[in-house]
Amino acid sequence: MKHTTSSAATDEGADPARRIGSVRGGEPGPLILCIASLHGNEPAGTVALKRVLDELSGSGLPMRGDLVGLRGNLPALEAGTRFIDEDLNRIWQRERVATVLESLRPGGAAREGAGLPMVGSAELAEQRDLLAAIQEESRRARGPIYVLDLHTTSSDSAPFTTLGDTLQSRELALLLPVPMVLGLEEQIDGAMHQYFDRLGWRSIGIEGGQHAAALSIEAHEDAVWILLEAIGLIEAGSRSGPEDRRARLARRAEGLPRVLAVRYRHVVSEDDDFRMRAGFRNFDLVRAGDELGTDRSGPVRAELGGRVFLPLYQRQGDDGFFIARRLAPAWLTVSRILRGVGADRVAVWLPGIHPHPDREDAVLVARWARNRYVIGLLHLLGFRARNESGGGVMVRRVEEPDPEPESSFAEG
Ligand SMILES: [Zn+2]
């Protein structure tokens, strides 16, 4: 390899099967930690990261900070299936992660599996191993940490991002010229990025397109290059041309809203025998009442109009489809201002909203107050619904962490 003074490929850290590769910059700066193939039938992210890391380490571009690529679910990747025993992107609940972390501490191995619901599952071992690798990378970080979780979809799709609704993750998502989809974390429990949000890291999921499409690999490559530049690891306008990549990625999402919010989830179980009607592309417009698929009790219709989101065209998975709706970007500004002035702390002054008896980060919403206006207002203030205590519990998103010490990688 040449030009190792500027940036160098390293193979320290996680085991070679887990590690796609890494490039350590000549100067300190942010860590971009990329995780690919958390679902084993989604190899595109792994291929893309390998290409970016190879090109970056061979380019000799001066770099401030570090880029690391990790594979998510190794046995499922080998088998070409979404998962082996349980979905690795649905098991990052606070309590579970705490238990797994406990087992990683010195002397913790004896307690391994204690209190965990899926002892012996392939994904428990993967989660443990992945957490160990992530911990190690975070210790080596020389600046703020960004996490990119690379996925693909079973349907044909334009690229888009998913995220927990923290302001700093929104800012990260908005660096990419593709739709940003909010509110998925309210519909599904235990996605990995929820764990990173709690750590105060900036974290987004990047969906590149259909699982097997070559364009999905290209979209992931483009996204990582664009973010390398936008976050400041490489100089603006450097050789790998993020500008062309930005235009190319933007073209893939042409005509789609900039921001969408998930409004509805159609849950399926194996017994339902759910079949999505063929031919839906992610983000296709549907009207209330449109037939979207069938299950054992007959046609399954859209409960509300909007854009069909993540239609299920694979065997494994609990989500038949979602409906998402365009969100006017102005709402993002409103909610940023409200949270910026600490308005979330006055939520309990609103009629029908009470402090939670046990949790400082949660409020209870009286049954009579559970209408779309109150819930919408709480969303703006950063609260999200939790399925506990019989409903009516809204939990405040992780506090926006203290601003990181200003890093010196900015221009000049
Ligand atoms: Zn996935």
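This is a predicted model: local features need pLDDT of at least 70, side-chain atom pairs count only at pLDDT 80 or more; totals for chains, interfaces and linings use all residues.

The volume of the second largest cavity is about 80 Å³. Twelve residues line the second largest cavity, and R24, D66, V68, E137 and R140 are the closest to its centre. Strand 2 (19-25), strand 4 (64-71) and helix 4 (122-140) each give two or more residues to that lining. Strand 2 gives the most, with four.

How many cavities of 30 Å³ or more does the structure hold? Two. The largest cavity has a volume of about 380 Å³. Its lining counts 28 residues, with H39, R82, R90, E207 and L310 nearest the centre. The elements giving two or more residues here are strand 5 (145-153), strand 8 (202-210) and strand 15. Strand 5 gives the most, four residues. By class, the lining of the largest cavity splits into eight nonpolar, 13 polar and seven charged. Domain 1 (7-252) and domain 2 (259-326) each supply at least three residues to that lining.

Now the second largest pocket. Its volume is about 430 Å³. There are 18 lining residues, and S269, E270, R315, Q316 and G317 lie nearest the centre. Ten of the lining residues are charged, four are polar and four are nonpolar. Where does this pocket lie? Domain 1 and domain 2 both give residues to the lining, so the pocket lies between them.

Backbone next. Most residues other than glycine have a negative phi. L310 has a positive phi, near 55 degrees. L310 sits in the loop between strand 14 (306-309) and strand 15 (319-326). S37 also has a positive phi, near 60 degrees. S37 is in the loop between strand 3 (27-36) and helix 1 (44-59). Buried or exposed? S37 counts as buried, because its relative accessibility is 0%.

Last, helix 10, residues 329-340. Its twelve residues reach 17 Å from first C-alpha to last, close to the 16 Å expected. L332, S335 and R339 are its buried residues. They cover an arc of only 70 degrees around the axis, which puts them on the same side of helix 10. The face turned away from that buried side carries the exposed residues A330 and G340. Just after helix 10, G342 takes a positive phi of about 75 degrees.

Definitions and conventions:
Residues are numbered from 1 along each chain as its sequence is written. Side-chain values use heavy atoms; hydrogens and water are left out. On a 1 Å grid over the protein atoms alone, a cavity is a set of points where a 1.4 Å probe fits but cannot get out, and a pocket is an open set with protein on both sides within 12 Å along at least five of seven lines; lining residues have an atom within 4 Å of a point. Grid points are joined across faces, edges and corners, and a volume is the space filled by probe spheres set on the points. Ala, Val, Leu, Ile, Met, Phe, Trp, Tyr, Cys and Pro count as nonpolar, Asp, Glu, Lys and Arg as charged, and the others, Gly among them, as polar. Domain bounds come from an automatic or database domain assignment. The expected span of a helix is 1.5 Å times one less than its number of residues. Buried means under 20% relative accessible area, exposed over 50%, partly exposed in between (1.4 Å probe, protein chains only). The arc is that of the directions from the helix axis to the C-beta atoms.
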